[in-house]
Amino acid sequence: MSTPDLNLLVTLDVLLAEGSVAHAAKRLGLSPSAMSRALARLRETTGDPLLVRAGRGLVATPRALELRERVSQLVQEAEAVLRPAEQPDLTRLIRTFTLRTSEGFVENFGAPLIARIAGQAPGVRLRFMHKPDKDSAALRDGTVDLETGVVGKAASPELRTQGLFRDRFIGVVRNQHPLSRGEITPARYAAGGHISVSRRGLDKGPVDDALATSELERQVVTIVAGFSTALALARATDLIATVPERHTENLRTDLHSFALPFELPAFTVAMLWHPRLDADPVHRWLRSCLREVCSGGI
């Protein structure tokens, strides 16, 4: 059995609405002869004459009258499916979004993001998940809707990315720490005890590479998985934490921060999502909220 030509539904809808081959042809931008051929195909497909001559005009058969409302509804539904999605009423939206972020991001940006979402779409709930690695499988299978982080070379090329803000590393110590006073040189910085932040538990990183160019080496006393943990330890000890400046802004209010006495490259924190959500108007709205909060437009 051959597959029916669904384009004929549109032709049938217009023919039944107009009741005239000439008028239907004009409405669809076809010639009368092309419309006559389309009517012949419809008659063959449906097994019914559909429109028959009565005097100088055409009248619909009982089968055509039976189909008219159904065909019209089908065509309207098909047009709605193919039409770009409209922005839904956010005040009536009920939806949960899962965001995967590194430690410290929620502490710094979570509260203003939740407030912005609640003000526009009170029925939307945010679920924050810890980001233990850069594996993009969760974005691909839909268990995560949006992710934040530094986009590295290992990031999946299929993902969509957009920068949120530029950041740089700074040093942080408790108030009254020796490094809270006087000039901070590479030697003074390296001489203190340090907290290393690494999700993989590594004790070496870009800071150590930068110090090595001056033939200096720091003493890593402890290794933690996240920046908020590092800052909590720096607050309660004489250890030095090296953390991103923007990423931890709200977490350093009672601590002393200083520029590193050596060069480390700045980096961009971005949001990542799967292409299937690119055109979703609600997801697009969520991305705009996150972008505005991270840019300071709270």
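Local features here need pLDDT of at least 70 and side-chain atom pairs count only at pLDDT 80 or more, while totals for chains, interfaces and linings use all residues. Residues are numbered from 1 along each chain as its sequence is written, and side-chain values use heavy atoms, leaving out hydrogens and water.

**The hairpin**
- Strands β1 (residues 51-54) and β2 (residues 57-60) run antiparallel and are joined by 4 bridges; strands pair if DSSP finds at least two bridges between them.
- The two strands form a hairpin with 2 residues between them, and G55 in the turn has a positive phi of about 70 degrees.
- Strands (E, at least two residues) and helices (H or I, at least four) are DSSP runs, numbered from the N terminus.

- The axes of helix α2 (residues 21-28) and helix α3 (residues 32-46) come within 9 Å and cross at roughly 110 degrees; axes are lines fitted to C-alpha atoms, for helices over the stretch in contact, with angles from 0 to 180 degrees between N-to-C directions.
- That makes α2 roughly perpendicular to α3, a label for angles of 65 to 115 degrees.
- V21, A24, A25 and L28 of α2 meet P32, M35, S36 and L39 of α3, where contact means heavy atoms within 4.5 Å.

**The open sheet**
- 5 strands form an open sheet with mixed pairing, in the order β4-β3-β5-β12-β6.
- β4 (124-130) and β6 stand at the edges with a single partner strand each, so one side of each is left without a neighbour in the sheet.
- Neighbouring strands of the sheet are turned by 25 degrees against each other on average, direction ignored.
- β6 pairs with strand β12 (residues 267-273) in the antiparallel sense over 7 bridges, and G163 has A270 in β12 as its bridge partner.
- Helix α5 packs on this sheet, touching β3 (95-101), β4, β5 (146-150), β6 and β12, and its direction makes about 170 degrees with that of β4.

**Confidence**
- The protein has a mean pLDDT (the predictor's confidence in each residue, from 0 to 100) of 89, and 95% of its residues reach 70 or more.
- Confidence is lowest in helix α4 (residues 62-82), at a mean of 83, and highest in strand β7 (residues 169-174), at 98.
- Where pLDDT is low, the predicted coordinates should not be read in detail.

Terms used:
Parallel < 35°, antiparallel > 145°, perpendicular 65-115°, else oblique.
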